[in-house]
Amino acid sequence: MPGPVQSIERAAAILRLLAQGSGRLGLTEIANSLGLARGTAHGILRTLQLVGFVEQDEATGKYQLGAALLHLGTSYLDVNELRSRAINWADALAARSGEAVRIGTHLQGKVLVVHHVFRPDDSLQTLDVGMLLPMHATAIGKVLLAYDANAAAAQQDAVQDGELEQFTRRTVRTRREMSRMLATVREHGWASDVDEAGMGEAGVAAPIRGYGGLVVGAMGISGATERICDSGGRPRPDLVGYVRDAARAVSRDLGASRW
Amino acid sequence: MTQRYVMSIDQGTTSTRCILFDQRGRLVSVTQREHKQHFPRPGWVEHDAVEIWRNLERIGPEALAHAGIGPSEVAAVGIANQRETTVLWDRRTGVPVTPAVVWQDTRTDTLVDELSRRPDAHVVRERCGLPLATYFSAPTVRWLLDDTDGLRERAERGEVLFGTMESWLIWNLTGGPDGGVHVTDVTNASRTLLMNLRDLDWDPVLLGFFGIPRAMLPEIRPSSETYGVARRVLPGVRISAALGDQQAALFGQTCFHRGEAKCTYGTGAFLLLNTGTEPVASTHGLLTTVGYQIGDQPAVYALEGSIAITGALVQWFRDRLGIISTAPEIETLARTVDDNGGCYIVPAFSGLFAPHWRSEARGVIVGLTSYITKGHLARAVLEATGWQTREVVDAMNADAGIALTTLKVDGGMTSDNLLMQFIADVLDVPVVRPMVAETVSLGAAYAAGLAVGYWPDLEGLRRNWHRAAQWTPAMDPKRREDEYDNWRRAVERALDWIKPAAG
Ligand SMILES: Nc1ncnc2c1ncn2[C@@H]1O[C@H](COP(=O)(O)OP(=O)(O)O)[C@@H](O)[C@H]1O
Ligand SMILES: [Mg+2]
């Protein structure tokens, strides 16, 4: 077992310090209280500021606990905020792929559609925002199951011992099949559904990440299987590339640096 | 190297954005930075023009870096900007001589009152198509020249320059004190109260009326034409378009034909209807303005319904009241309740613009009871945008003699589904958002790309327009009428608040 990580210990100490007393302290005060070099304390504070756990008053330069810390128990990223931050890239993805785009988050064992861009052919389509989709039969749901521990736990509870709901004969049926499939999703970094939610329908999705790589949602395209897949029945590599690029662009805007 | 992209700069009221588009009008990279809003006194709204320039210095190169390209791959850059906001700067040092006075600022209300009582005040609307109001630049420039000792003399000698944001940015991009080009475009110039709407040039009568020296004004150019080459930030890139943001959105929505209209929802909301190559006067409180001018072709005009405060009310909720921490949270909060609980907010922060034009109005919240929660207030915030839209659409329908059958929308607030549904409900027509929500930027890019031959013609651009979302009306007609009636009664309570200056 590796030992404790020093910078995390120090970050925790800074948060405790800020949670006491007046709750507003300057850099020097913080550094002195914890016996840290100013540069070290500053580096930690900046990181805490980036993730929203600490805020700095513009006028006085003093630090205090951030709003994100106070709302730690509620959703990490407001779904309307997620839509607003992703809207440009969702549009661009629809324009590039020629398919409808959806962004989903996890809600009580289902995929909640938080954003929907029509397929760009000007045909009659209706907005799906607010709709719930099955997790195990959609690319977006599979991404959430693969990367969002809470989504996976909710799904486990829902299917305790019974089978997963079947929409077509290709829908994933057993827990075993499911864990094999999720391992593949994690290995590749994207998911697909081909004739699983409905015959003739397919989709591709990739994770949207926030600070520190936390998965906050999934973004994907969906449409007719013959358009999404090549002759071998696999999702077309160019489409997979567009989806992953778009999800990465949103992630970058949300502050995920490494993906 | 082939020039594969066009860049847009959207210098908006809340933020500045740089976007790269490819030939199909698809977004390739986007960078954005908010700037500070300064409210030094009630009714005053200021920006720091230097902060805005610095933001551009940062996000321009960043947009290129995100796409992994250099400036040589950019065919041209087009600028769209918040309109009317006034910058005065020193030609020699490049330093602004006053804070930039934002279009929402009402410091000139007494001055405007005095000017409008002059017997020759009728020349203003006759020559520039606009009512005399604090909203436009000329009264602001006059106020600033009166306010600062020696400024008028320096302006007369051409030492102090006037510009709206596009002029300021183009001057800086092309070298600033070192050979910067001092230009504006017809759409921006049409918002000063100083340009003759038919000649498309500074009108000596209007300059005389406001007492503004010709020497400080930029040269008026078409909206789509190369003005110069950037020497900083995007070295070597041609600057080939400038339009007011609302006109840029009209262009980006490809409303190239007479009768086509759009509404852009940002800080304020602006409904523009293309009226073709003739200016049309409104009898229902709309403005006559220039829509765009491509090269040496005739200018295309528009009727405009301007609403001062829509997103700015959300911003107020966020920044001044601290009830939400991001703008989109207004929707989350509003969805915690089913209706407005009887509460209405009339956000007459800068008086009321179209169709009322009542500068003495101020904001009110009516219908407060102990029952009202933050959620109801959040609903009222969003509904204010819906009802204000209804008022300008009613005016537009009355002026045009035919009713709008769908509303094309764009801008930052269109990511708000609850709001878009409400607008469809109160207008009783479908609301449609195009595939590029950043339509302002797309319009500036289109105009720049056309100027340099990156795109051949307007009709080709129309093929890039696709429907990204549509909201269909679903409100009970009786409820719509009752609510509209409540809204109108709320508006009455906002009027006549500021007392005329004594004497
Ligand atoms: N989801 C949302 N709901 C309501 N208002 C929003 C939302 N997202 C952004 N806004 C508002 O939209 C405005 C920003 O839109 P934008 O088009 O960039 O405006 P501008 O060009 O005037 O700066 C801000 O006033 C903000 O409060
Ligand atoms: Mg804008």
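Strand E2 (15–21) and helix H10 (311–319) of chain B each supply at least two residues of the shell around ligand 1. Helices (H or I, at least four residues) and strands (E, at least two) are DSSP runs, numbered from the N terminus. This is a predicted model, in which local features need pLDDT of at least 70 and side-chain atom pairs count only at pLDDT 80 or more. Residues are numbered from 1 along each chain as its sequence is written.

**Ligand shell**

H10(B) gives the most to the shell, with 4 residues. In total, 20 residues surround ligand 1; a residue is near if one of its heavy atoms lies within 4 Å. Among the closest are B:Thr14, B:Thr267 and B:Asp416. Polar contacts (pairs of N or O atoms within 3.5 Å) are tabulated here.

| Side chain | Ligand 1 atom | Distance |
|---|---|---|
| B:Arg17 | oxygen | 2.7 Å |
| B:Gln315 | oxygen | 2.5 Å |
| B:Ser415 | nitrogen | 3.5 Å |

The protein covers 91% of the 580 Å² of accessible area that ligand 1 has on its own (Shrake-Rupley method, 1.4 Å probe).

**Sheet**

E2(B) also belongs to an open sheet of 6 strands with mixed pairing, in the order E3-E2-E1-E5-E14-E13. Two strands pair if DSSP finds at least two bridges between them. At the edges are E3 (27–34) and E13 (224–229) of chain B, each pairing on one side only. Strand E1 (residues 5–11) of chain B runs antiparallel to E2(B), joined by 6 bridges. There, B:Ile9 stands opposite B:Cys18. Helix H1 (residues 49–67) of chain B packs on the sheet, touching E1, E2, E3 and E5 (74–81); contact means heavy atoms within 4.5 Å.

Methods. Chains lettered and ligands numbered in written order. Heavy atoms only, no water. Polar contact = N/O pair within 3.5 Å; in protein donor to acceptor, adjacent residues only side chain to side chain. Axes fitted to C-alpha atoms, helices over the stretch in contact; angles between N-to-C directions.
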